Amino acid sequence: CKDTADDSGDPCAMGCAYDFAITGSGYDSFDGSVLTLVLLDVTEETPVLLVIEQETLSGGGFSYSWPSEGEHEHSYRVDWFLDANASCSCEAAPMDGVWSETIGPVTSDVDITRSFDRNYDLEGCASFYGMDACPDADR
C-alpha cells in the first residue's frame, strides 16, 4: 500500500492503490494490426471497465502502465486482441489473436509480462463487443 495506514497499523485501512503494468513481446506477425487492450475489475459478478488502450502495433511488442488503478484484494483481468483481419471488431482466433490474463486478489503492484503464444482465449472477444477497433479509420 502507498502510505494509507491509519492509527490501527492496518496498512490498507484507508484504502490501497496498486500499480498495474503489462508488457508483450514476440507479436511481430501482427505488426500493423490494431491492438486493443482493456483492464477490468472482475471482483463482482459484472466486470467493471477501468481502462481502454488502442494503438497500431509496431516492433512486435507493447507496454502499458496504469498507476494506482488497483484496489486491495480486488481481482482484475486484462484482455487484449490484435485485429489481424482488419475487420474493426474482435473475432475469435484464427481471425484475430485474442488473449486474457486474470490477476488477484491483488495485494501488491502487478507486473505482467507475456510473450506471444497461440493459447488464444476463445471467449476473450466478450470484452470488446460493440467496440470500434479502428478508431482512426475513415469509414
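**Exercise 1. Is F62 buried or exposed, and what is its relative accessible area?**

Solution. The model is a predicted one. The computed relative accessible area of F62 is 5%. A residue counts as buried under 20%. F62 is therefore buried.

**Exercise 2. Classify the aromatic pair formed by F62 and Y64.**

Solution. Step one concerns the geometry: the ring centres of F62 and Y64 are 6.4 Å apart, with 35 degrees between the planes. Step two applies the cut-offs: centres must lie within 6.5 Å, and planes under 30 degrees apart count as stacked, over 60 as edge-to-face and the rest as tilted. The pair of F62 and Y64 is accordingly tilted.

**Exercise 3. Determine the type of the pair Y27 and W99, and state which parts of the chain it ties together.**

Solution. The structure has 13 aromatic pairs by the distance rule. For Y27 and W99, the ring centres are 5.2 Å apart and the planes stand at 90 degrees, so this pair is edge-to-face. Next, the positions: Y27 belongs to the loop between β1 and β2, whereas W99 belongs to strand β6. The pair therefore ties together parts that are 72 residues apart in sequence. Both residues, Y27 and W99, are buried. Finally, Y27 and W99 are members of one aromatic cluster, which also includes F62, Y64, W66 and W80.

**Exercise 4. Describe the largest nonpolar core and the surroundings of L37.**

Solution. The largest nonpolar core comprises 23 residues. Those with the most contacts inside this core are I22, Y27, L37, F62, W66, V78 and W80. At least two residues of the core come from each of β1 (18-25), β2 (34-41), β4 (62-70), β5 (76-82), β6 (97-103) and β7 (110-115). Strand β5 provides the largest share, with 4 residues. For L37, residues up to four places away in sequence are set aside; its contacts then include I22, V51, I52, F62, Y64, W66, V78 and W80. L37 also touches E53 and D79. A second, separate core has 10 residues, among them V38, V42, F81 and A133. As background, nonpolar side chains tend to be buried together in soluble globular proteins.

**Exercise 5. Work out the strand order of the open sheet and identify its edge strands.**

Solution. The open sheet contains 3 strands in the order β4-β1-β7, and its pairing is mixed. Strands β4 and β7 each pair on one side only and are the edge strands. Between β1 and β4 there are 6 bridges, and these two strands run antiparallel. Within this pairing, Y18 stands opposite G70 in β4. On average, neighbouring strands of the sheet are turned by 10 degrees against each other, direction ignored.

**Exercise 6. Locate the disulfide and give its handedness.**

Solution. The count of disulfides is 1. The bond joins C90 to C125, with an S to S distance of 2.1 Å. The angle about the S-S bond is -70 degrees, and the link of C90 and C125 is left-handed. C90 lies in the loop between β5 and β6, while C125 lies in the segment after β7, and the two are 35 residues apart. Both C90 and C125 are buried.

Terms used:
Residues numbered from 1 in each chain as written. Predicted model: local features only at pLDDT ≥ 70, side-chain atom pairs only at ≥ 80, totals over all residues. Heavy atoms only, no water. Core = buried A, V, L, I, M, F, W, Y, C linked by side-chain atoms within 4.5 Å. Buried < 20%, exposed > 50% of the residue type's maximum accessible area, 1.4 Å probe, protein only. Contact = heavy atoms within 4.5 Å. Phe/Tyr/Trp six-rings, centres within 6.5 Å; stacked < 30°, edge-to-face > 60°. Disulfide = S-S within 2.5 Å. Pairing = 2+ DSSP bridges. Axes fitted to C-alpha atoms, helices over the stretch in contact; angles between N-to-C directions.
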